[in-house]
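Please take a moment to look over the sequence and the model before reading on.

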Amino acid sequence: MDSIAIVGGATLNGEIPISGAKNSAIKLMVASLLTDEPLRLTNMPRLADTRFLGKLMQHLGTRIEERDGEAGPETLLHTPEILSHFAPYDLVRQMRASFNVLGPLVARNGQAKVSLPGGCTIGARPVDLHLRAIEALGAQIDLHEGYVYAQAPRGLRGAEITFPFVSVGATEHAMLAAVLARGETVLNNAACEPEIEDLAICLNAMGARISGAGSPTILITGVDRLGGTTHAVISDRIEAGTYAVAAAMAGGEVRLTNTRPDLIEALLVKLEEAGVGVERTLDGVIIRRNGARLKSVDIDTAPYPGFATDLQAQFMALMTLADGESVIRETIFENRFMHAPELARLGADIAVSGGEARVQGVDHLEGAQVMATDLRASVSLVIAALAARGSTRVSRVYHLDRGFERLEEKLNACGANVRRIKGAGSADE
Ligand code: EPZ
């Protein structure tokens, strides 16, 4: 299994182009199941997660072609007919969001058998809200032996659905099912994440009638059929935020392009409070830090437009070298501090109690061998290692490959010293 070696101490200077958003791309790919016409997605990130989902969709009947378009990587998806309504455990467990094929399969095909995704390292992550939404749209749902059986032989019908709390996945799943349901659907307490709006823009271009996406109330008027379209995947705000924090950690001046500052405004405000220079530009943001010590800042994760849980680990890494104590509260997932003991191996001083971590800034970090536990946790270790003395080896980097495209290349182009070591495994595992 690959690992990554980072020699700390270099400042970062240069430009990092941000890729298309993983968490949008994988929902947009699923939208192809709703139409027999081709869907062309541009600004596509090339990641392990899009490959995992691609494998499942090919099994369901989607033809997938990845190619280099004029404006960068693109993927053509075409599902002339649903060849199977069965999403097996082996294909779903590799990537939880694969579960979102359930709604489109029932909407187009009247039935689906989809594996429950199971838990993951950041929390139990149930799918009860997804199931309640699909049921409210008229599907009969049964659970047997780890599988969800959904049936709606006469099609889905619109409904008013009020989510008890905000769920990105359940909001997207309900949208993906309701676009082909008869009549009107109202989603109350919907997630407002930019990826929801991106999905709505694409579905509307395919012929759907969705309004209010990006606000807590979404209105969907069902249509009989959807067609194909070309859609550019929104910029990856978590990748942009990650490199913003990396630049703040290492010092220097980095220009992030192909993104939008409003997507990471909650983070930018916290970086400014910590003493980092932030300049919002038309196509991104410039992050500057001249080496002065950072101030400690508290954060609470929250649904968008609050501070993203997917940037919590990275910000914690930054706070390990700030002056004083920073209190970090994780309110979205119950077990999302697994990076804390690994950061401690680099010399960080972090006390975790329930959903709260107290980070006491230290004078310096020192390179060590550490282990990635999930996607965002692993990149927080890379960020810490950029500023640590000596070299750090991060094992289990397959987590990183799920969501960061060409990470070493992008960081090294700005002067970092990050190297992938192929197949170095046993001692790390
Ligand atoms: C999405 O996960 C993202 N994943 C996550 O990013 C992100 O952390 C999360 O939203 C929050 O922003 C994708 O888009 C693929 P939720 P999702 O449903 O949709 C609970 C990354 O690193 N819940 O908003 O699964 C759930 O357990 C990933 O890229 C239920 O209880 O998140 C959590 O505590 C990690 N029942 C909370 O709601 C349900 O049916 C919010 O989860 C659904 C969710």
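Domain bounds, as the word is used here, come from an automatic or database domain assignment. For this protein chain, the assignment gives domain 1 (3-19 + 236-421) and domain 2 (22-232). Where the two meet, the contact (heavy atoms within 4.5 Å) takes 22 residues from domain 1 and 21 residues from domain 2. The centres of domain 1 and domain 2, taken over C-alpha atoms, are separated by 31 Å.

The model is predicted, and local features need pLDDT of at least 70, while side-chain atom pairs count only at pLDDT 80 or more and totals for chains, interfaces and linings use all residues. Residues are numbered from 1 along each chain as its sequence is written, and side-chain values use heavy atoms, with hydrogens and water left out.

Which residues are the closest to the ligand? The ligand is surrounded by 24 residues, of which the closest are Asp-128, Ser-167, Asp-310, Ile-332 and Arg-376; here a residue is near a molecule if one of its heavy atoms lies within 4 Å of it. Each of domain 1 and domain 2 gives at least three residues to this shell. By class, the shell holds twelve nonpolar, five polar and seven charged residues, where Ala, Val, Leu, Ile, Met, Phe, Trp, Tyr, Cys and Pro count as nonpolar, Asp, Glu, Lys and Arg as charged, and the others, Gly among them, as polar.

Several helices take part in the shell. Helices (H or I, at least four residues) and strands (E, at least two) are DSSP runs, numbered from the N terminus. At least two shell residues come from each of α1 (22-31), α5 (128-136), α6 (168-178) and α12 (375-387), and α1 gives the most, with four residues.

A nitrogen atom of the ligand lies 2.6 Å from a polar side-chain atom of Asp-128, whereas an oxygen atom of the ligand is 2.7 Å from a polar backbone atom of Leu-129. An oxygen atom of the ligand is also 3.0 Å from an N or O atom in the side chain of Asn-23. On its own the ligand has 820 Å² of accessible area, and the protein covers 86% of that area, as computed by the Shrake-Rupley method with a 1.4 Å probe.

In α1, nine of the ten residues are buried, including Lys-22, Ser-24 and Lys-27. In helix α10 (residues 312-319), eight of its eight residues are buried.

Within α10, Gln-314 is buried because its relative accessible area is 0%. Leaving aside neighbours within four places in sequence, Gln-314 is in contact with Ile-238, Thr-242, Val-245, Arg-376, Val-379, Ser-380 and Ile-383.

Ala-174 belongs to helix α6 and counts as buried because its relative accessibility is 0%. Not counting residues up to four places away in sequence, Ala-174 touches Ala-133, Leu-137, Phe-163 and Leu-187. Finally, Thr-392 has its place in strand β23 (residues 391-395), and at 2% relative accessibility Thr-392 counts as buried.

Technical notes: Polar contact = N/O pair within 3.5 Å; in protein donor to acceptor, adjacent residues only side chain to side chain. Buried < 20%, exposed > 50% of the residue type's maximum accessible area, 1.4 Å probe, protein only.
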